[in-house]
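Reader: I'd like to learn how to read a sheet and the helices packed on it. Can we walk through a case?

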Amino acid sequence: MEQRPACIKVRGGRVHNLKNIDVDLPLNKIVAIAGVSGSGKSSLALGILYAEGSRRYLESLSAYTRRRMTQAEKPLVDEVLYVPAALALRQRPGVPGIRSTFGTGTELLNSLRLMFSRLSSHRCPNGHYLAPSLRTAAGLPLKCPECGCEFYAPSAEQLSFNSQGACPDCQGTGIARTVDESTLIPDKDLTIDEGAVLPWKTLMWSLMKDVAREMGVRTDVPYKDLTDQEKEIVLHGPAEKKHILYLDKKGQSTELDFTYYSAVRTVENALAKVKNEKGMKRVARFLKEGTCPRCHGSRLSEEARAPRLCGRSLADVCRLTLAECQKWVDEVPAALPKEMRPMAESIAASFDLSAKRLLDLGLSYLTLDRPAATLSNGERQRMQLARAVRNRTTGVLYVLDEPSIGLHPANIEGLKGVMKDLFADGNSVILVDHDTQVLKEADWMIEMGPAAGEKGGAVVAQGTLAQIARNPASKIGPFLSGKELIDKRSKIAEQDLFKLGRIHLESRQIHTVKPLSVDFPKSRLSVITGVSGSGKTTMLLETLLPGLVSQMKGEPLPKAVKALEADGIKQAKLIDATPIGINVRSTVATYAGIHDELRKVYARTPDAKRLGYKAGDFSYNTGRLRCPTCDGTGAIVLDVQFLPDVEVACPDCGGSRYRKEADFVRRQPKAKQGEKAVKAYTLPELMDMSVDQALAATRDLPLVQRRLRVLQDLGLGYLTLGEATPSLSGGEAQRLKLASEMGKGQDDTVFIFDEPTIGLHPLDVASLLDVFQGLIGQGATVLVIEHDQDVIANADYVVDLGPGGGKEGGRIVVSGTPEAVMACPSSLTGKYLRLNRK
Ligand code: ADP
Ligand code: ADP
Ligand code: ZN
Ligand code: ZN
């Protein structure tokens, strides 16, 4: 018999920047792939291992099923042997639809629906409640003793808001569109005759003014001067029939009976009659989205909310946090008649199994009815992870792409538990991460490098962690052994922190976050810390940022903000990791403002003059030189019947976006005296270069040099000029967004960063700290939400929220220098900082 393979063998890997690598990855182990960002970790993990593993898996399915799935392309690799079927848990799971909640996504709701269907007290059609009995569980008809009627208990399906249990008013979305009364009379200085009531003007006949007059409202007085009673009639008056005299265009008068439509009813009536998008647009300006009044946001129909279990309805239970819900589920069996208990216990056990994982991963504070679309990336990814372990697969290759995102060190234990269980069930785990605490769990490590892009793509070290830590070629080794700590910034003494001013914020209660009063020092680096769900996002992104924005616009403060003092602040910028641009037309070169300059420069070349090309002709969006086949996008979409759309590189320009004629225009850089002459390049050639390479090729173009240098300083020297910005990683996008902010005065600006270390190696974190220092050097105030220990330790000021998530959090535990946080016994952040920094 052939021996069982112990390794996945990759031979000749050339995806993206990979340098024709051969590498063996042990099976049935936890294998970590490390390396600086852009070194090729994802190219190996997702581009080869996952791509090949999922392709083989799809091939093993029937042709019928395969057709329904995205066609996986064969990756650029000579050979991959012994790769198992693969599943990837991505860094940025797709944004879930409006029908998905924490309860549906975790499948916890399935257990609850089963419980309510089989074990609850049911209501008969006449409204009498019947205690749970084995008949319900067996699906037999129930007989109501009070009225004698026979009926069936609702099935789990009838308790589902995505099926028969949906609230009929909101179709199970929990959201209703209602009239936004503040939009109905935008200009209160106008009289009704002058058109003060906007819906009457745009949605109704103008003669509603005449009807209003018959209703007893003065229509020649500015709206603001009407009595309260008149205003009430305008907004909500009854639908009475009135007799009016109607003058048509020719001056002929007609007598008419006309029903009064109040401003609100006018909108409601129009909404009920909307037939298409265009019609909806006309009405939408008068509407606001809010909780559906019929189901109170529970998404469930009356029937689905009727059954009671231990005094609660399904809707009540879904409003509990996971921690509370689990406690409740565990109490159910004992509260039921004895003969029902075995079934109750079995459903509760299945609930507990899923719940335990989620609790371990630090999600105890989420309520089951929380719309999945409002969860953070990290929370969604952990939801996927928990589901993966629950499914109890074996022999599967799990590729985890930065599972530490959003995880406080206190939650990392739970993540380790998940990995260990996947492994114990006979699966293999491949882990791409930068968090040394997570990496330490690996049995084997492959380090990619030595640097990013062209300068990376090779395996620089591999082995057990002990071997890597001893390997002089390894860059991560010193961080694993704790020998190396990042200490980049000079300390600012406690008493000097607020010397340059402060931003003072007082907030009101929002979600589970308590009213807070907090000061951020101006022109300093402040880091906001706390376990997931403690309120970091709420404080910075939902309170401070909108507060600053309204203050700058001179608008009233949002409801969440009680008071805000931010003297001298004129700009607030959120630098997040969302992709840049939604279409492929945005590239690194256009985004960084280099392309415009290059177009002008190329138009000045002798070649261009001879051929008659102007700067505009070099635009790949609109210019004459753009590739006509792909219209300058570099890619074409294959529309194959029955298959999902596939995007492939344009066969004519090969992705360069330019037509062949662009190759006839070369530019010879001017060499300074004593310098080696640089080769002449075409614009498509230049666009195919990395920032580093382009720096050498444009030495005589000062403006381009300056901008490219900024990209290099931001650690983006490896990006290709022509790379489409929407496909950049979150961290890359975040840093690129800063390109236009560097090198100018910033003392009136607040920058807010949301977990900027995503995807960053400890060495990249060091460059990120340089970037922060650059901004602060220009006077900027930098506020960062972060879990990374190195960033926290290098902060001037730390605001630690918590102590827990959800209801257990939402307060300021401690604020001060990192040392002050470390000295605070009640701070979890302080505890881990002490452990890591000692
Ligand atoms: P890491 O995961 O280590 O950050 P990646 O594997 O994502 O690195 O990237 C390695 C190199 O390949 C980088 O130079 C990156 O710019 C390039 N690259 C990544 N994705 C693509 C892509 N879809 N097309 C072209 N180049 C890519
Ligand atoms: P952090 O950023 O520290 O992880 P958040 O500010 O996102 O914490 O969350 C704080 C609390 O507010 C949590 O209990 C969270 O569940 C709740 N929360 C956040 N966003 C929403 C929302 N859109 N709807 C309801 N609750 C929310
Ligand atoms: Zn509803
Ligand atoms: Zn093309």
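Author: Start with pairing: two strands pair if DSSP finds at least two bridges between them. Strands (E, at least two residues) and helices (H or I, at least four) are DSSP runs, numbered from the N terminus. This is a predicted model, where local features need pLDDT of at least 70, side-chain atom pairs count only at pLDDT 80 or more, and totals for chains, interfaces and linings use all residues. Residues are numbered from 1 along each chain as its sequence is written, while chains are lettered from A and ligands numbered from 1 in the order in which they are written.

Reader: In what order do the 6 strands run in the open sheet?

Author: The order is S5-S14-S15-S3-S16-S17, with mixed pairing. S5 (86–89) and S17 (458–463) are the edges, each pairing on one side only. S16 (residues 444–449) joins S17 in the antiparallel sense over 5 bridges, with Gly-449 opposite Ala-458.

Reader: How do H15 and H16 pack?

Author: Two packed helices are described by the angle between their axes and the distance between the axes. Axes are lines fitted to C-alpha atoms, for helices over the stretch in contact, and angles run from 0 to 180 degrees between N-to-C directions. Here H15 (residues 377–390) and H16 (residues 409–424) make an angle of about 30°, with axes 10 Å apart. They're therefore roughly parallel (under 35 degrees).

Reader: Which residues of H15 and H16 meet?

Author: Leu-385, Ala-388 and Val-389 in H15 meet Val-418, Asp-421 and Leu-422 in H16; contact puts C-beta atoms, placed from the backbone, within 7 Å.

Key:
Angles under 35 degrees count as roughly parallel, over 145 as roughly antiparallel, 65 to 115 as roughly perpendicular and the rest as oblique. Two residues are in contact if their C-beta atoms, placed from the backbone, lie within 7 Å.
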